[in-house]
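Colleague: I would like to learn how to read a model of this kind, feature by feature. Could we begin with the way strands are paired, and then move on to helices and charged side chains?

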Amino acid sequence: MSHRESYIIKLRPLTGDRFQPTGFPDIGAAVYDRPVVRDGRNEWERCLLVESEQSMANHLEAAAWDKGNQRPVEALSGLPYVRVVNEKNDYLTSSRTEAHRLASAFLKDSTLQRDGTSFVDHVVERFALENDAPLVPRKIAPAIFALDPMCLIHGVFFADKKWPHQPKIARALTAFVEAHDVLPVITGGVKRDEVRHSVSEGAGGAGEGYGSIPFHRTEYVARDIQASFVIDHDQLVAYGLGDAATKLLATLARWEIRSLLDGGFRPRTACDLVPVDASAISLPTLDELTDNIRALIGECSDLVGEGKEIAVKWSRKAASKRAQRTGSQNAGEVSESDSDTDDLDDAQ
């Protein structure tokens, strides 16, 4: 029997009733119908995807990142992660903030500060990757844990032809936000130009930012909004990391959920959501989860080591060379199939 830990949390706009939906290129808001039963009759109900799984993964990770200081929050300070600096040693990005995490292009085009080793070669060595050797999660999970254990929660896909097999870890924590029984709220506004109300022929126009330009926007109201979170314990156990590390990963997932809900959820300017009933959330408090994390980190010293950041330096030259190689392959050189990048969203 599969073991899932799930939470469904009712949300509401912090103020008013309207909220701004997520939008997708060339699609707009993700509106769909779902079957419901009302008064014994089967009906269809108009619904809206407020936040996708990919977007929620980013928001959950952001809850664990101190953006002001560009470091993990104090509660997670005992866990390793990869910090990327530029050629001037200024902070650039990290495995916690990149969309592809440890498989980010910025990491792949970096070298370890301590000895100048290529990060790609470092990963191949740590993962003991080789051709004709089947991969299972427990083979690479300890190595990922020692680089950034959060990748075992949110997933990572090492899609690089230089790496045998292109290892992939799926999400162990999945979340999304849906709104049910929705109706659109059609509004609009104007970008006002007090100096140049209209644009005459030959003068700078809207493309240059001149003129008063009206626009429309669509917000929504809903009968109810709910956030869903699922932790896949079967996947965590399959890593084969032992009881303490498995408990630590599950506790980190709960910590992110609780932190996101406690702080209020504001994915966009006009979409500020809070729990309808915070007392109904069946999760330990943030302080309790933080204490548990600190205790469990101490029990996982063999995996996390010193739990410090791993500093790498990004090279503009290395990035340019890789871009040239990729370009020549796309121009017609014989290369491996590019199908390994088809479902990168699964690791976002």
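Modeller: Two strands are taken to pair if DSSP finds at least two bridges between them. Please keep in mind throughout that this is a predicted model. A bridge can be followed residue by residue: Cys 47, for instance, has His 180 in strand 11 as its bridge partner, and the partner of Glu 51 in strand 11 is Val 177.

Colleague: In which sense do strand 3 and strand 11 pair, and over how many bridges?

Modeller: The general idea is that strands of a sheet pair through backbone hydrogen bonds, either parallel or antiparallel. Here strand 3, residues 41-51, and strand 11, residues 173-191, pair in the antiparallel sense over four bridges. Strand 11 also pairs with strand 12, again in the antiparallel sense, and there the count is 18 bridges; within that pairing, Phe 176 has Ser 228 in strand 12 as its bridge partner.

Colleague: What is the order of the strands in the open sheet?

Modeller: The sheet is made of seven strands in the order 2-3-11-12-1-14-13, with antiparallel pairing. Its edges are strand 2 (30-38) and strand 13 (265-268), each of which pairs on one side only, and from one strand to the next the twist averages 40 degrees.

Colleague: Which strands does helix 1 touch where it packs on the sheet?

Modeller: Helix 1, residues 53-62, touches strand 3, strand 11, strand 12 (213-232) and strand 13, and its direction makes about 95 degrees with that of strand 11. Helix 7, residues 243-262, packs on the sheet as well, touching strand 1 (4-13), strand 11, strand 12, strand 13 and strand 14 (271-275), with a direction about 145 degrees from that of strand 12.

Colleague: Taking His 59 as an example, which residues is His 59 in contact with, leaving aside its neighbours within four places in sequence?

Modeller: His 59, which is found in helix 1, is in contact with Glu 51, Leu 260, Phe 265 and Pro 267. For the protein as a whole, among contacts between residues at least 6 apart in sequence, 72% join residues at least 24 apart.

Colleague: At what angle do helix 3 and helix 4 pack?

Modeller: Helix 3 (residues 119-127) and helix 4 pack at an angle of about 135 degrees, with their axes 9 Å apart, and the two helices are therefore oblique to each other. His 122, Arg 126 and Phe 127 in helix 3 meet a set of residues in helix 4 that includes Lys 139, Ile 140 and Leu 147.

Colleague: Are Glu 219 and Arg 18 buried, exposed or partly exposed?

Modeller: Buried means under 20% relative accessible area, so Glu 219, at 5%, counts as buried, whereas Arg 18, at 45%, counts as partly exposed. A second pair, Glu 309 and Arg 71, meets at 2.6 Å, N to O. Glu 309 lies in strand 15 (residues 309-314) and Arg 71 in strand 5 (residues 71-72), so this pair ties together parts that are 238 residues apart in sequence. Glu 309 is partly exposed at 32%, and Arg 71 is partly exposed at 37%.

Colleague: What joins Asp 148 to Arg 96, and where do Asp 148 and Arg 96 lie?

Modeller: They form a salt bridge in which the closest N and O atoms are 2.9 Å apart. Asp 148 is in the loop between helix 4 (137-147) and helix 5 (151-154), while Arg 96 is in the loop between strand 7 (91-94) and helix 2 (105-108), 52 residues apart. Both Asp 148 and Arg 96 are buried. Elsewhere, salt bridges that share partners join Arg 34, Arg 38, Arg 41, Glu 43, Glu 45, Asp 181 and Arg 223 into one network.

Definitions and conventions
Residues are numbered from 1 along each chain as its sequence is written. This is a predicted model: local features need pLDDT of at least 70, side-chain atom pairs count only at pLDDT 80 or more; totals for chains, interfaces and linings use all residues. Side-chain values use heavy atoms; hydrogens and water are left out. Axes are lines fitted to C-alpha atoms, for helices over the stretch in contact, and angles run from 0 to 180 degrees between N-to-C directions. Contact means heavy atoms within 4.5 Å. Buried means under 20% relative accessible area, exposed over 50%, partly exposed in between (1.4 Å probe, protein chains only). A salt bridge is a side-chain nitrogen of Lys or Arg within 4 Å of a carboxyl oxygen of Asp or Glu. Angles under 35 degrees count as roughly parallel, over 145 as roughly antiparallel, 65 to 115 as roughly perpendicular and the rest as oblique.
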